[in-house]
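Visitor: I'm new to this one. Could you show me how to read a few of its features?

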Amino acid sequence: MKLVKLSLASIIAAGALANLASAASLEEAIKNVDVTGYARYRFDNQNISLGPLNNTQNSHRFTSEIDFKAALDDRFFGVIGFRYDSYDASGQRVYAATNVGVYDYSDPDEFGQTFNVRQFYLGYTAGNTTVTAGRQVLGTFFTDDMVGTGIKLLNSDISGLTLVGMAFDNLQNDEDIGLGSFIFRPSGVDHYANIYDKNLYGVAAIGSYDPVSFQVWYAALDSVAQLYALDVTVGANLGDVDVSLQAQYAGSSLWADNAALAGSTT
């Protein structure tokens, strides 16, 4: 038997050809990809008066969030989401924030760059239970579009009821939970810390039993506060008119011995 020596480049090329020979077509690769998102343009006009000085500021804002969800097999799926957001002063090229990869200090949502990966997570579904892990939107009663890194579990074994459990860290610096700092007192000594640097844990029950739908939430922002909420909606159809009544209750409490909002006293 005669042995043939292959260079490293030849081995890589042979492997690439083998992969190409068994690769799926582009159409097959993308046919199971779901795309969701939005694109928005907004022109802002703001008049600022400081004593005798009047200044008008105009700005363009381009915002887009696009998520791609792909089935990896019967149970696993992956999601990657991109975000573009530029906040540009009108008529002032030097303050345009359209350069991809450049830190944008005017970013009102604290993502840090004009273009970034907003979500990146893996999901697994077994029966009526779905688990997602990675960088994702929290999706709680207390937050809007805030993202964090962690794990979320949803179970709908009980008809009409979804149970939720989650644990997140690396929270986005977002107004959803406040941008301020707090005083941390683990040993009776004041230490200042940022709210978004703490972990967030939560559980919920979300149900719909005609004509009533409801949400019950509890969350704990580690060493800062406990959050709780109840949302109940009662709806009815009267002929061609839909009538509903909604009631909400939400509250929070600081950890009694550990924390106080910066600038306040306990």
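Predicted model: local features only at pLDDT ≥ 70, side-chain atom pairs only at ≥ 80, totals over all residues.

Visitor: Let's start with strands. In what sense do strand S4 and strand S5 pair, and over how many bridges?

Guide: Look at which way the two strands run. S4 (residues 115-126) and S5 (residues 129-137) pair in the antiparallel sense, over seven bridges. To find your place there, look for Phe 120, which stands opposite Arg 135 in S5.

Visitor: What sits between the strands in that hairpin?

Guide: Two residues lie between S4 and S5, and Gly 127 in this hairpin takes a positive phi near 65°.

Visitor: Which strand pairs with S5 over nine bridges?

Guide: That's strand S6 (residues 147-155), and the sense is antiparallel.

Visitor: Which residues does Ala 229 contact, beyond its neighbours within four places in sequence?

Guide: Among them are Phe 141, Phe 142, Trp 217 and Tyr 249.

Visitor: Where is Leu 171 found?

Guide: Leu 171 is in the loop between strand S7 (161-169) and strand S8 (181-184). Leu 171 is buried too, with a relative accessible area of 5%. Leaving out residues up to four places away in sequence, Leu 171 touches Leu 138, Met 146, Val 147, Ile 177 and Tyr 196, among others. Take Leu 138: 33 residues separate it from Leu 171 in sequence, with 9.3 Å from C-alpha to C-alpha.

Visitor: Is Ser 64 buried or exposed?

Guide: Ser 64 has a relative accessible area of 18%, which is under the 20% cut-off, so this residue is buried. Ser 64 belongs to strand S2 (residues 53-71).

Visitor: What lies 3.1 Å from a polar atom of the Ser 64 side chain?

Guide: The backbone oxygen of Tyr 38 does. Tyr 38 is also listed among the contacts of Ser 64 outside four places in sequence, including Ala 39, Phe 82, Arg 83 and Tyr 84.

How values were computed. Residues numbered from 1 in each chain as written. Heavy atoms only, no water. Contact = heavy atoms within 4.5 Å. Helix = DSSP H or I, 4+ residues; strand = E, 2+ residues; numbered from the N terminus. Buried < 20%, exposed > 50% of the residue type's maximum accessible area, 1.4 Å probe, protein only. Polar contact = N/O pair within 3.5 Å; in protein donor to acceptor, adjacent residues only side chain to side chain. Pairing = 2+ DSSP bridges.
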